[in-house]
Amino acid sequence: MTTDHEAVIGLEIHVQLNCPTKMFCDCPNRAGDEPNQNTCPICLWLPGNLPRFSREALEKATLACLALNCDIQKESAFDQKVYYYPDLPKGYQLSQFHHPLAKNGWLNITDADGGTKKIRIQKIHMEEDVARLVHEKEGRTSVSLVDFNRAGAPLVEIVTQPDVRTPHQAMEFLRCLRSQLRYSGSSDCSMEQGTMRVDANVSLRPRGSDQMNTKVEIKNMNSIRHVGDAIAYEITRQANSLKAGEPIVLHTRLWDPDNRVTTAMRGKFEGPCVPDPSVPRIVVDDAWLEEMRRALPEMPDKKAARFMEQYGLTAEEASMMSAERELSEYFEAVVEHKTSPRLAAQWISGQLLPLLKERNAVLPESAVTPECFAGLLLMLAREEINANAAKEVLKRLQESGDTPEEIVAQCGFRQVSEAGELEALVDRVLAENPSAVENFRKGASKAMGFLMGQAMQASGGKANPRLLKEIMTRKLQ
Amino acid sequence: MDSKIFSYIDPSPPAPADGGALSGKRAAVQSSISVKGWPTEAGSRALEGFIALEDATVVERLRAAGAILAGNTHTGELGFGLAGDTASQALKNGLVDVTLMTDTLGEGRVAAASAGVFGFKPSYGRVSRFGLVGLVPSMDCCSILGKSLDDLAAFLEAVEGHDDRDPSMGDTPLEAFRMGRGSSPGSERSSLSAGVVVQSLESLNAGGRKVFEEALRRVEKAGIALREVQCEDFDLFRIVHNVIGSVEASSSCGKFDGVRYGHCAAGAKNWNEMYLRSRGESFGRVLKAYLFQGAYFQFENYPAFERACSLRAKLAQAGRKWLDGVDMMILPTRCAAAHDRPAETVEQVYDIFPLTLPANVTGQPALTLPGFLPTSAGDLGLQLVGPAGGDRLLLEAAGRLYPRTEEAR
Ligand SMILES: [Zn+2]
């Protein structure tokens, strides 16, 4: 991009709510089943059927809106978005166009320079998902198959104000949004699984201007990284067009992740939206809204602040431990066993999470229960084992399901802290390495590290490092 | 039984439930009302061969009350207008005691009036629409046609009431409306009054006015006080119904794509062509014109539709105001000018129903009574329109107009 232009980016995010049923019938809202298994006369829109709006969808949608700091509207209503396409069995999609569920939300993100930037959310509305089309060949004939399992699945669409300026901000916003929504328990927000889908509207304007130029919509990004890449590509593409004097026309482009470019797609037909006469208007009262507010868990910002206050974590540790709801709950469960909170935070982020990642495991199903992990940290704190041994025990915990005490006993990891034993060990090492001792005495402090390493090795890794160093230092003087 | 009257006859009706309120009563429903396992084609190629998977709530309830369901009567395409409709003939020919029809513009009441029988459109939301194949969800209603007020009351009692499967049914408990005919003794109103809709008389010719005046004298004699009511915007009902009705119909018909059921055109090269041809071959001319009109408002003239919606709210308000000092409104059901030849345009369809469609616009209950307005063009039907929820009040008022012995004819 030329430095005299800036990008104006708005995001539209579809998020599938994790309700047990679809939005207007009792069919399971579940991905991965055999095609057309989760269907009924309502979601197939057979004649004579009427939509029955799910209360649960309203509750989850409301939690999502509250998690994004929106004002829930006292009254909202469904409209029919009219268009004809095989993924829509009734010729219109039920969506809240004229009267959305919520307005005026926001999220604060951390910008590239470390500052805070507020991204405003214009509105959030509920809508039903459409069927999935599968294009296949039967012999040499192309066929399009329709899977109605997804038809009628509950969605919310989140529309931001055009406040985003850079690919970085877009990605930060999406990460923050995903974290908030997962926290609220309303959605899994997986771009890979398609439970979170992002479209970006990108336009350029002279820096400092407040005009809104023709925007281009980009679709088909299936990771947050791709959203950033696609926006970056699109900004460059538009800047080049402007430089070449070509006009920007309103259209939609698809991100091609393999070639890392966007390509124009066929013009999309935008149908009208008329009020739906069958789904009753949604009217929420204050008492119900208060109930929903209470149902919303403590969100990451507040939780991080509490972690600093209550457990004395640093800002970085607190933000790390509160980033995901499951992680934060794990952390607090570990701390409940009277471990040092900071030690717990450091060992969770520094050891446990990388280990799980390496093993392709996830926290909730891990064999390392909070109790086990706390047991390990307590032994470490009591100097019954040293850090090296603790890392080894952790690996075995994840594999075996034994308690840390059992593993330490079985494998002889118990730390050597007996002074006499350590003194003998140090004497032996110093005797075997006279040149290193000589070097240390001449002022080469590096030699201390070498000697410590030799001693630790000689102990089979079990020596209490603090005592070992004390003795070593004393003997070298 | 006559296949000219029935589109489907149940070859072996199940034994009726014992001891129900409708025990031994014979009934028919239009082919736009779902009966499990029966063809439910609603008079349209768009539903050709469609077999209902479930009973409509009204069907389930009338069977549970002991009625025998004889078969389906023919209906105008998707219940719009009366071309080809045979519901009232089944009654007139004595084949059944009661028939159920979908009522979008007043089809049930006009058919009943022409056939000289009773026709009742309940308040919107009082009788479940689940299982009704209709066109205009905000105005469609299941109407009841019968030869006696007792049958009407008994069938209403059997089918009315909350149904989880119809989201537009209000939460008002039915008991709040339990007054009048058939309810507990002592609940009857001592005096009743009716407002004569002055504007409705404009549609009558001289002969029609004369019989209407005579009918009003009979009503007064039966103890119902009359008062003239000026309904200035009466003409607007038709326009509002026409705009909103066509828009809703256009959406409702979106599901008829010929893919999952119904007529599918052969040999189309792609799906767009398949949709266009299937729909083009499925719908009749008048309905097609109606759908085009609805699509026009949806796509090209949305402000006109919005205006119609706000007018509808004003008309509903006016309707309540007109009923301020009286228990019900009184007007003819049909106008003398209504022609017998089949309607060929949307306007000609609307020409038949200017006096019945207001109740569909506002959701009020309405009842047509035979024998009061005999003309050379047949019985015009005397129509009572009550406040929303005042269904039983209408039946009670009608009861006063018929000495018990000469009720039906
Ligand atoms: Zn379903």
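Among the contacts in chain A (heavy atoms within 4.5 Å) that link residues at least 6 apart in sequence, 69% join residues at least 24 apart. The model is predicted, with local features requiring pLDDT of at least 70 and side-chain atom pairs counted only at pLDDT 80 or more, whereas totals for chains, interfaces and linings use all residues. Residues are numbered from 1 along each chain as its sequence is written, chains are lettered from A and ligands numbered from 1 in the order in which they are written, and side-chain values use heavy atoms, with hydrogens and water left out.

Of the 477 residues in chain A, 51% are buried, that is, under 20% relative accessible area with a 1.4 Å probe, protein chains only. The C-alpha trace of chain A spans about 90 × 60 × 55 Å along its principal axes.

Between chain B and chain A, 33 residues of chain B are in contact with 33 residues of chain A. The area buried between the two chains, meaning the accessible area (1.4 Å probe) lost on being put together and summed over both, is about 2,600 Å², and carbon and sulfur atoms give 67% of that area. On the side of chain B, the residues that lose the most area to chain A are B:Pro167, B:Arg260 and B:Trp271, which together account for 23% of what that side buries.

Salt bridges, in which a side-chain nitrogen of Lys or Arg lies within 4 Å of a carboxyl oxygen of Asp or Glu, number zero between chain B and chain A.

Note on methods
Buried < 20%, exposed > 50% of the residue type's maximum accessible area, 1.4 Å probe, protein only.
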